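Keep the picture open while you read.

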Amino acid sequence: MHYFHPEEIIVERASLASPLFQRLRQRLPEVPFKILDDGVAANGRARLGKASFGAAKKRLFVAAHKGEFLKKCPGSDGQVCCNYFVINFASNCTMDCSYCYLQEYLSGNPALTVFSNTEDLLREADELLSKHRRFFFRIGTGEITDSLALDPYIGFSREIVPFFAAQPNTLLELKTKSDCVDELLVLDPKDRVVVAWSMNPERVIDLHEQGTATLQERLRAAWRCQEAGYRLGFHFDPMIEYPGWEIDYEDMLEQLFATVDWRRIAWLSMGVVRITPDLKRVMRERFPRSSLITGEQVLCPDGKLRYFQPLRVAMYRTMFGWIRRAAPTVKVYLCMESREVWEQVFGYAPGCEKELGLQLAPAH
């Protein structure tokens with residue numbers, strides 16, 4: 001893949017002594033560093049809001065996060081939620097997928113920023129998990145950034161994986177479109193860490209997922225993680241419909257199950273491309289030739305545009321049939337879909353988000 005290389009790194013003075021920044025400086029010695037007082041750096045990140053979303057990805061800010069790191073996944077109104085929690089250790093992504101919702105979500109503050117105060121993050125997580133040992137938590141780090149794209153430079157996994165590997169009531173998910181797994185391979189996940197990939201056929205990757213790993217690179221990285229003891233996850237999301245999509249997606253699945261042991265897969269998810277009207281306007285400006293802004297979609301109750309429900313159901317049923325052919329008992333769920341769609345695809349719908357979360361919990 002095309003690895004990220006910032007034009008400049010801007011660090012708040014208070015973050016200079018952080019282990020994360022020290023690793024970054026050691027691993028990217030050729031990149032110019034600029035040290036700013038905290039308030040000046042914050043103003044600089046805010047000013048990038050006036051720049052283009054793509055330009056904001058060329059600089060990397062290092063700053064302390066002032067708010068909470070851990071929160072409940074916001075989900076989507078009227079859709080079945082999987083009771084997921086998220087940790088935001090960074091903001092924005094080094095990659096540039098045409099359909100990425102961050103183009104809209106971070107439009108006012110698109111500065112690519114990594115948060116240096118990892119010790120506060122771990123303290124906050126420890127307080128929550130220790131207080132609720134009777135509850136099972138699925139926690140991910142890929143809501144507003146890619147979980148691993150920056151890992152070769154910041155070594156975040158070396159701090160977070162050992163912590164979560166020691167938690168009895170948690171599975172940590174590191175979701176990525178990269179193949180940046182070298183840091184993970186020297187760590188022991190103790191069966192508590194899932195490394196997951198957002199998956200699409202190579203045709204979709206080439207057209208819509210700029211700066212990401214190829215399909216073969218993702219599969220190779222997944223195999224390496226499996227061999228190192230990690231559980232795996234795969235998210236066929238966003239699924240994109242086009243002439244011949246069935247051939248490409250079936251071939252992708254065949255390659256996947258020929259590469260990894262399906263018994264080491266913690267979960268699979270499916271979800272079609274979904275775009276808000278505001279995101280569609282941004283995409284018209286940044287990716288005017290994208291086929292995703294011209295296809296037929298309908299506005300759903302949560303304010304997002306999706307394919308017509310019969311088409312979505314047909315796509316999910318088709319994919320689910322291929323999955324079951326290769327992996328008879330692997331856990332599969334739908335992301336941000338209604339109970340009605342769940343019932344048409346699987347014949348049932350979870351009674352509540354906690355029920356779905358428990359279904360995805362490990363058996364031991």
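In β8, Phe-115 is the bridge partner of Ala-63. That pair belongs to a set of 3 bridges joining β3 to strand β8 (residues 113-115), and the two strands run parallel. Keep in mind that this is a predicted model, where local features need pLDDT of at least 70 and side-chain atom pairs count only at 80 or more, while totals for chains, interfaces and linings use all residues. Residues are numbered from 1 along each chain as its sequence is written, and side-chain values use heavy atoms, with hydrogens and water left out.

**Around β3**

- Strands here are DSSP runs of E with at least two residues, helices are runs of H or I with at least four, and both are numbered from the N terminus.
- Two strands count as paired if DSSP finds at least two bridges between them.
- One spot to look at is Ile-10, whose bridge partner in β3 is Phe-61.
- Strand β3 (residues 59-63) is mostly covered, with 4 of its 5 residues buried (buried is under 20% relative accessible area, exposed over 50%, partly exposed in between, using a 1.4 Å probe and protein chains only).

**The eight-strand sheet**

- An open sheet with mixed pairing is built from 8 strands, in the order β4-β5-β9-β10-β11-β13-β14-β17.
- β4 (70-72) and β17 (332-334) are at the edges with a single partner strand each, so one side of each has no neighbour in the sheet.
- From one strand to the next, the twist averages 25°.
- Inside this sheet, strand β10 (residues 170-176) and strand β11 (residues 193-198) run parallel and are joined by 5 bridges.
- Glu-173 has Val-194 as its bridge partner in β11.

- Helix α10 (residues 245-259) lies across β13 (231-239) and β14 (265-272), running at about 175° to β13.
- Angles run from 0 to 180 degrees between N-to-C directions, and axes are lines fitted to C-alpha atoms, for helices over the stretch in contact.
- Helix α9 (residues 215-227) and α10 have axes that come within 10 Å and cross at roughly 25°.
- α9 and α10 are therefore roughly parallel to each other (angles under 35 degrees count as roughly parallel, over 145 as roughly antiparallel, 65 to 115 as roughly perpendicular and the rest as oblique).
- Leu-215, Gln-216, Leu-219 and Trp-223 of α9 make the contact with Met-252, Gln-255, Leu-256 and Thr-259 of α10 (contact means heavy atoms within 4.5 Å).
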